[in-house]
Amino acid sequence: MLGYLTAGVIIGPFGFSLIGEVEEIMHFTEFGIVMMLFIDGLELKPSLLWKMRVPILGMGSFQVILSTLIFGTIAHIFVPWQPAIGIGLILSLSSTAIIIQTMKEKGLMHTSHGRSVFSILLFHDLAVIPMLALLPLPAVSGGHTTDHKFDIHLLEPHYQVFATLSIIFIIFIIGKYISKPMFRIIAAIKVREIFVAAAIGLIVGISLLMMAVGLSPALGTFIAGVVLADSEYRHEIESDIEPFKGLLLGVFFMSIGATLDFHLIKHEFSLIASITLGLIIIKWIVFTLTGSIFKMEKGSRKFFALILAQGGEFAFVLLHMSKSHSVLPYDITEALISAVAISIFISPFLFWMYEKISLKSQENKKTQRESDEIEHTGQKVIFAGFGRLGTDLGRFLISAGIRPVILDNDAANVDFLRKFGFEVYYGDVTRLDLLETAGIAEAELLLITIGEIEKSKKLVELVKKHYPNIKIVVNAHDHSSAYELMDMGITEIRRETFGTALALGQDALKVLGFDPYEAYRLMRIFRKNDEDMLPKLYKIHREDEKNYISMYQQHLNDIEKVMKLDLDSSTDEIDKSWTAYNPEI
C-alpha cells in the first residue's frame, strides 16, 4: 500500500504529471473499495459474528464512540456540530488494508492480540456502512448538486429512510432469490469465465443501482455479500473477485497519492502536521485505554494501540463523499485527506520501530535471566536444544531408559516444558561453563538439535576444542547444513525432515495400493542409497557446480532403477509373511 501511495505521488500532478483529471479517476478507483466491502460481506458469517461478539461489539463500539467524541469535540471548535461528528466518525477508523497485510507478513493473525486487532477492524468495516448512508444527511443547504434524475438526499429525512430501506430490501431479494439460482445454473455450465463475469456483473449492477438513487455503491455490495455469505458458491465467488479487488485497491491508493495537494501541505504544514500527530497520539491513547478496560495483557496493549493508530482507507472515501455533498468545507477536507495519508505512510515505520525496541527488550530480558543451577548424577548424554525436534527425540530417549541432561536457551520454552514434567535447564548452550556444570567431562555423547546451523557449528567447535573425545550427533536442515557440519569432522548427521518425508512416502505408497512390505522395502532402499551418496556429493559440492548437479541427477536415476528392479522381483511369499507378522497393517 505504501508503494501504491508513493507511485501515485510520483505520477500525479505534483510529481511527473503523467495523469490529468485525478478526481475523475477517483470515481473509477473507488470500485476497489466496493469490491473490498463485497468480500467483507461474503466473509461475515453469522457464526463468526456470534463467536467474536464481545470483542467486536464491546471493544469496537467503545473505541469508535470514544474516538468520535474526542475528535468531534476538537473539530467543533472550527465547524458546526453536525460536520464535527462526521469528522469524528471518519477519523475513528483505522486502515484494514495496511494492518491486515502487516499482521499476515509477521504471522500475527492467529495470536491473541492479532485477533483483538482483527475484531476492531471488522467493527470498523461494519461501521462504515451506516456512515456511508448517514454522512450526506447534514449536507450544507444548497451546496449539494447532483446529475442524477432522482437523489434520495433531496427527499425529506423520513422519506430518505424509507427509500434507503426499500433499496436494501430490493438488494436482499436480488441476492437471496435471484443471484443464488443464477450462480447454480452458471456453475452447472462449468465455464469459469462466465462465473467470473456473473460475479462482477452482480457487483457492477448493484453499484449502478445504488448510484442511480444517490446512495453509496459500497453499502449495496456489502449487503449483497452478507446475503451470499451462506451460499455454497461463496468461496468460488470470493476467489474469482479477489484479484480484481487487489488490483483496483492498488489503483485506488495510487489515486490517493496523486490527489495529495503538496501546495496545501507546504503552506499549511504546521496545521497538517498537528492534525497528523494529534490523530496518531489520540488514537494511541484511546486504543491503550480500550485494551486496559477490556483486560488485554499489558504486553499486547502496546502492540494493539500502535498498529491501529492511523487513519483508514475508508476515510478517503468518506472525505471525498463529504466534499462532493458539501458536508465539509473544501480546505478542511483536503487538510484531513493529507493528514490521513501521512498517518498511513508513517504507520509501518512506527510498527518497525516498536518491533526493534520490543526485540531488544526481549533480548535484554534473556540476558538478565541467569542460567539455572543444574543437578546431574553423571548422565551419559547432554541434550542441547529442546524445541520441536528435540521434544520428540527426548521422549524417545527417556522411554528407552536414557535420562539426558537437557539444556535450552529459550526461557519461555523451558518454562512451558517444565509444566509437562520435562527436566529442562535454561542457559546458553554455547557457554563452556554451562556445559561443564552439566557434566560434559563425564558424558559420552553430546546430542545437538538447536536448529540454527551457525549456533550448532559454534557449539561443535567449542566442544571439539576442549573435549575432543566426546561423541557428537547433530541435526541439519538440509544438504548444505550437513556439508558445513561435515567440514568440521562430524559424521553422525541427520537431516531434520528426512525421516518424516520417508515415512509419509511409505504411507502414500500404501494408500496407492502398494503392498505394505513392498512400500517398506522401497523406503529402506531409498534411505540406504541416499545416505551412501551423501559423502560422495560432499566431496565435490564445492569444486564444480555443474558436475555436482550432474552427479545429483545421476544419483536420482540410479535410485529409480534400483527401486524398479525391486518392484519387478517376486516377493509375494515374503510380503504375505511380513504382513501377517505386522497385524496392525
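A search of the whole structure, which is a predicted model, finds 8 aromatic pairs. One of them joins Tyr517 and Tyr520. Tyr517 has a relative accessibility of 12% and so counts as buried. Tyr520 reaches 27%, so it counts as partly exposed. The cut-off for buried is under 20%. Elsewhere, ring pairs link Phe183, Phe195 and Tyr233 into a cluster.

The overall architecture was examined next. The protein has 585 residues. It contains 26 helices and 6 strands. Of its residues, 46% count as buried. The accessible surface comes to about 31000 Å². Carbon and sulfur atoms supply 62% of that surface. Contacts between residues at least 6 apart in sequence were also sorted by separation. Of these, 74% join residues at least 24 apart.

Two buried residues illustrate the interior. His124 lies in helix H8, residues 112-134. Its relative accessible area is 1%, so His124 is buried. The side chain of His124 makes a polar contact with the side chain of Gln63, at 2.6 Å. Gln63 is also listed among the residues in contact with His124 once neighbours within four places in sequence are left aside.

Leu435 sits in helix H20, which covers residues 432-437. Its relative accessibility is 0%, so Leu435 counts as buried. Residues up to four places away in sequence were again not counted. On that basis, Leu435 touches Ile382, Leu407, Val429, Ile440, Leu459, Leu462 and Val463. A distance to Val405 was also computed. Leu435 and Val405 are 30 residues apart along the chain, and their C-alpha atoms are separated by 9.9 Å.

The surface was then considered. Phe169, Phe172, Tyr177 and Ile178 form a nonpolar patch there. Together they have about 440 Å² of accessible area. Phe172 is found in helix H9, residues 157-189. Phe172 has 34% relative accessibility and so counts as partly exposed.

Backbone angles gave a final set of features. Most residues other than glycine have a negative phi. Lys190 has a positive phi of about 65°, although it is not a glycine. Lys190 lies in the loop between H9 and helix H10 (192-212). With 74% relative accessibility, Lys190 counts as exposed. Lys295 likewise has a positive phi, near 60°. The place of Lys295 is in the loop between helix H14 (269-293) and helix H15 (298-307). Its relative accessible area is 73%, so Lys295 is exposed.

Methods
Residues numbered from 1 in each chain as written. Predicted model: local features only at pLDDT ≥ 70, side-chain atom pairs only at ≥ 80, totals over all residues. Heavy atoms only, no water. Patch = residues over 30% accessible without salt bridge, like charges linked within 9 Å, V, L, I, M, F, W, Y side chains within 5 Å. Areas by Shrake-Rupley, 256 points an atom, 1.4 Å probe, with all protein chains shown as cover. Salt bridge = Lys/Arg side-chain N within 4 Å of Asp/Glu carboxyl O. Helix = DSSP H or I, 4+ residues; strand = E, 2+ residues; numbered from the N terminus. Buried < 20%, exposed > 50% of the residue type's maximum accessible area, 1.4 Å probe, protein only. Phe/Tyr/Trp six-rings, centres within 6.5 Å; stacked < 30°, edge-to-face > 60°. Contact = heavy atoms within 4.5 Å. Polar contact = N/O pair within 3.5 Å; in protein donor to acceptor, adjacent residues only side chain to side chain.
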